[in-house]
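Trainee: Could you walk me through this one before I set anything up?
Mentor: Gladly; have it open beside you and ask as we go.

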Amino acid sequence: MDPLLLGALVAAVTIMVLFSGVSVALGLLIVSGGFLIAFDGMRSLELMPEILFGKLDNFALLSIPMFIIMGAAIASTRAGADLYEALERWLTRVPGGLVVSNLGACALFSAMSGSSPATCAAIGKMGIPEMRKRGYPDAVAAGSIAAGGTLGILIPPSVTMIVYGIATETSIGRLFLAGVIPGMMLVGLFMAWSLYSTWRSGNASVLSAGSYTWRERFEILPRVLPFLLIILGVLYAMYGGIATPSETAAVGALLCLVIAVVIYKLWNPADLWVVLRDSTKESVMILFIIAAAGVFSYMLSSLFITQSIAEWIGTLDVNRWVLMGAINLFLLVAGFFLPPVAVILMAAPILLPIITTAGFDPIWFAVVLTINMEIGLISPPVGLNLYVINGIAPDISLRTILVGSLPYVACMVLAIVLLCLFPGLATWLPDAVMGPGR
Amino acid sequence: MAVQSSAAVAPTGNNPFLRLVAAISTVAGWCSAGMIVAAVVITCQMIFIRFVLNGSTVWQTEAVVYLVIAATLIGLPYVQRLRGHVNVDLIPLALPKRARFALCVLTLSVSILIVGVMLYYGYDYWHFAWERGWRSDTVWGVRLWIPYLSIPVGFGLLLLQLVADLFAVLKGIDTPFGLEDA
């Protein structure tokens, strides 16, 4: 069979299997096993456990459970509420300070916790009622939190970026840095839209509100600083060349657990077990998908599918931006249905040779891909954030949340366009800190 | 939608077989969490030795990698029990009750089959390493059958949990895909 035709068949079967309700990792193993038997014979199955084990045999993977523990420890505390309060107290003088501090809290908390639904829940629980009380439109209150929660997969430390780094063998340190400026740009775009749409709704008066004494401002700081210092410390250790991402993540995980226990008094063993259980659950889930995707990409290359697709695209002779547009569209649609980690792991081995042949920078592409995945997080049918917000603010209809999120999706698309026009937004910082290279 | 709720656990309906499997999977989960914590502690110890005591480390990096692999594989049944392996249930949601039941039995059966394949060849691989006394080509030179053991153990336990899940659906103790009746 022609490898390209076979590739199309694999794609169709994979989609069918993954939509059937089977877990993503097992689905990938099933598809790989099936095609290996059909086209390479029974004996090819022998290698599957070895490839699966080999895929996990990588020190860089350690950073995934470590960052997840770090995030789970932070998410289990009142840190989200504290962060929100601190920003609000410090930003009241800024016009629209409330929505600005909400988005800021979302960006910081989602970066620390690495979990988009946890951010929506932690910040939204405080932020949404407060914004509505002060007269912000429902759509802005819900939409800004839904969008703000997605920032965590772009702003370091990001598990999504680690997975991309492992799948494509690019430097995780560079990837983290590449996400910083686009992340801040997205926060800025989100803030701009929130302020504009609040102003347009005729409630401009709500944009200036409340005031706090300096005493109130300072007394909240000790509660938020420890976690922020850990995150900064982790990033410093990585870029100061002191330790690898995995090593710093392990120290960060231990420190976050200690802080959660000491400062936030998480000393009930049952509560501590919940943190460990949830981190184990998420780590095992992601690592199993990584392992299964390793078997999947082995199947693709042993049937010559990966190579043929790259060759075929090479012969197409389309404009590289048309190619990039098509890839973005594909990723966007995939992101509507599948979790980011699964999309990255399945698409990266096929897309990377195409991307680099067309002259795109894989670090830059990671950022574009991640923003695509962020869009998936706030779009139906999977958009988990929408349902989380619906859960914490049941009297805002899902429709309003959805409509409220759409402008933020537009902001993300705009960010992708800006990244295409000015690739330096993603590549300048890694080059400046770690030296031009690759 | 991709389901990843934290509250859902496979119901056992007081059935002794399901309760036994649930207990085994839970113990596997504790082991998995314990290994991840051990990896955290060992990594921190390694950093302490290297950067504070300026010493050199021999076994830590490798041990940590194998611990994370073992945590992943041995954690599989527990995460299956917690319904923690993300899935996309677009087709099941669109199906009527009977077809959904049939699809669930089919997907579970095929899952059991592929996990059985992994168990069979995983055991083979482990047995090879054990019989021939393979060692890793590092200074530590760990006997490789020890980390490889996690493959047959992990997939064996996952197989057991999947069989229990299939049994629960067939017996009507659990709903297909854990979805509420449409």
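**Contacts, core and cavities**

Mentor: Let me start with A:L257, which, once its neighbours within four places in sequence are left aside, is in contact with A:I69, A:A73 and A:V275. Please keep in mind throughout that this is a predicted model.

Trainee: Ok, and where does A:L257 sit, which helix?
Mentor: A:L257 lies in helix α13 of chain A, which covers residues 245–262.

Trainee: Buried or exposed?
Mentor: A:L257 has a relative accessible area of 19%, and because buried means under 20%, A:L257 counts as buried.

Trainee: How far apart are the C-alpha atoms of A:L257 and A:A73?
Mentor: They are separated by 5.6 Å, although the two residues are 184 residues apart along the chain.

Trainee: What about A:R174, where is that one?
Mentor: A:R174 is found in helix α10 of chain A, residues 172–200, and at 10% relative accessibility A:R174 counts as buried.

Trainee: Switching to the core: which residues touch the most other members?
Mentor: In the largest nonpolar core, which has 209 residues, those are A:L29, A:I64, A:F365 and B:F155. The largest share of this core comes from helix α14 of chain A, residues 269–302, which supplies 15 residues. As background, nonpolar side chains in soluble globular proteins tend to be buried together.

Trainee: Pick A:F365, what does it touch?
Mentor: Not counting residues up to four places away in sequence, A:F365 touches A:Y164, A:M324, A:I327, A:L331, A:L351 and A:I355.

Trainee: What lines the largest cavity?
Mentor: Its lining consists of B:A10, B:P11, B:T12, B:L18, B:V21, B:A22, B:R81, B:Q161, B:A164, B:D165 and B:A168. The elements that give two or more residues to this lining are α1 (16–52) and α6 (150–170) of chain B, and the largest share, four residues, comes from α6(B).

Trainee: And by class?
Mentor: The lining of the largest cavity has seven nonpolar, two polar and two charged residues.

Trainee: I keep looking at B:S25, what is it in contact with?
Mentor: Leaving aside neighbours within four places in sequence, B:S25 is in contact with B:P77, B:Y78, B:R81 and B:Q161; of these contacts, B:R81 and B:Q161 are also among the residues lining the largest cavity. B:S25 belongs to helix α1 of chain B and is buried, with a relative accessible area of 2%.

Trainee: How much space lies in the second largest pocket?
Mentor: About 890 Å³. This pocket is lined by 31 residues, and A:A11, A:I15, A:F330, A:A347 and A:I350 are the ones that lie nearest its centre. The elements giving two or more residues to the lining are α1 (3–19), α14, α15 (305–316), α16 (320–337) and α17 (340–357) of chain A, with α1(A) giving the most, nine residues.

Trainee: How do the lining residues of that pocket divide?
Mentor: The lining of the second largest pocket divides into 29 nonpolar residues, two polar ones and no charged ones.

Trainee: Last one, how many disulfides?
Mentor: The structure holds zero disulfides over all chains. As for individual cysteines, B:C31 is partly exposed, with a relative accessible area of 40%, whereas B:C104 is buried, at 3%.

Note on methods
Residues are numbered from 1 along each chain as its sequence is written. Chains are lettered from A and ligands numbered from 1 in the order in which they are written. This is a predicted model: local features need pLDDT of at least 70, side-chain atom pairs count only at pLDDT 80 or more; totals for chains, interfaces and linings use all residues. Side-chain values use heavy atoms; hydrogens and water are left out. A nonpolar core is a set of buried Ala, Val, Leu, Ile, Met, Phe, Trp, Tyr and Cys residues joined through side-chain atoms within 4.5 Å. Buried means under 20% relative accessible area, exposed over 50%, partly exposed in between (1.4 Å probe, protein chains only). Contact means heavy atoms within 4.5 Å. On a 1 Å grid over the protein atoms alone, a cavity is a set of points where a 1.4 Å probe fits but cannot get out, and a pocket is an open set with protein on both sides within 12 Å along at least five of seven lines; lining residues have an atom within 4 Å of a point. Ala, Val, Leu, Ile, Met, Phe, Trp, Tyr, Cys and Pro count as nonpolar, Asp, Glu, Lys and Arg as charged, and the others, Gly among them, as polar. Grid points are joined across faces, edges and corners, and a volume is the space filled by probe spheres set on the points. A disulfide is a pair of cysteine sulfur atoms within 2.5 Å.
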